[in-house]
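This report describes a single protein model, from its overall make-up to selected local details. The sequence and structure are shown first.

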Amino acid sequence: MKLTLSAGFCTLLLAAAGLIGGHAQAGSTLADRIASAVADPTRPEGDRNRDEARKPAESLQFSGVKLGDAVADFNAGAGYFTRLFADVVGSRGHVYAIEPVEIQQYIAKSTAELQGYAATHRNVTVSVASALASLHLSRKLDLFWISQNYHDLHNKYFGPLDIAAFNKAVFDALKPGGSYVVLDHTAAPGAAADVTETLHRIDPATVRREVGAAGFVFDREGSFLANPADPRTIKVFDKSIQGRTDQFILKFRKPN
């Protein structure tokens, strides 16, 4: 028997797809899904204007995120990466956008914006909790992502946070074989510890040491966000370098 779907019913199906964050087509390759997520016309203009500097396609490819994954986007802000992850993981996956309560005084507007997005995307959950409490999730993760904010964990407005306890909590939140990706502004080798507060940068060697101490195995480093023209000795908000800082991206793996 031949079935004919009405135009109204097709519209309902498309609307339902939007509610579960499925812009990228389920049958496409990972590269196609990532390209489709970046090209999603519903992304805010402000996000699209930042793409040249943030290199989202390369970042997503590096992260290893895939259809059906559970992802935590820590300190997600207004959701630049949350939206991209939601498109890639699709309806079978889930994105936990974590907005730390310790810095709500700075990001309350962004949190509200992201909560509005999550209200129409059922594969996204926004949580506002302390940094450590937020890592007790209902589902084990395939990927834990922190972008341009690992250095903040060292600063006074985060407590300061117990870094060892934080990285151990990330370890426990991941599935065996899961990935922990840290993307941040690069400090000069051997930079003083307080550079996280003064320049909002961190030495990648510090990240490798701290994350490794939690039991993670270093996987690899990407160079696509590097900028040799950045002296790495000025604040990331300095007009001469803002939006064009030298950045590193490191991937760690929880052993099987």
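## Overall make-up

Of the protein's 256 residues, 48% count as buried, that is, with under 20% relative accessible area, where over 50% would be exposed and values in between partly exposed (1.4 Å probe, protein chains only). The model is a predicted one, in which local features need pLDDT of at least 70 and side-chain atom pairs pLDDT 80 or more, while totals for chains, interfaces and linings use all residues. Residues are numbered from 1 along each chain as its sequence is written, and side-chain values use heavy atoms, with hydrogens and water left out.

The protein contains ten helices and seven strands; these are DSSP runs numbered from the N terminus, with helices (H or I) of at least four residues and strands (E) of at least two. Its accessible surface amounts to about 11900 Å², and carbon and sulfur atoms account for 57% of this, by the Shrake-Rupley method with a 1.4 Å probe. Among contacts (heavy atoms within 4.5 Å) between residues at least 6 apart in sequence, 77% link residues at least 24 apart.

## Helix 6

Helix 6 is mostly covered, with ten of its ten residues buried. Glycine 90 follows helix 6 and has a positive phi, near 70°.

## Packing of helix 2 on helix 6

Two packed helices are described by the angle between their axes and the distance between the axes. For helix 2 (residues 30-39) and helix 6 (residues 80-89), the angle is about 140° and the axes lie 9 Å apart. The two helices are therefore oblique to each other, since angles under 35 degrees count as roughly parallel, over 145 as roughly antiparallel, 65 to 115 as roughly perpendicular and the rest as oblique.

From helix 2, Leu30, Arg33, Ile34, Ala37 and Val38 meet Leu84, Asp87, Val88 and Val89 of helix 6. By class, this contact comprises seven nonpolar, no polar and two charged residues.

## Isoleucine 241

Isoleucine 241 is located in the loop between strand 6 (217-222) and strand 7 (247-253). Its relative accessibility is 4%, so isoleucine 241 counts as buried.

Leaving aside residues up to four places away in sequence, isoleucine 241 touches Arg201, Asn227, Asp230, Ile234, Lys235 and Val236. Alanine 229 is twelve residues from isoleucine 241 in sequence, and their C-alpha atoms are 8.9 Å apart in space.

How values were computed
Axes are lines fitted to C-alpha atoms, for helices over the stretch in contact, and angles run from 0 to 180 degrees between N-to-C directions. Ala, Val, Leu, Ile, Met, Phe, Trp, Tyr, Cys and Pro count as nonpolar, Asp, Glu, Lys and Arg as charged, and the others, Gly among them, as polar.
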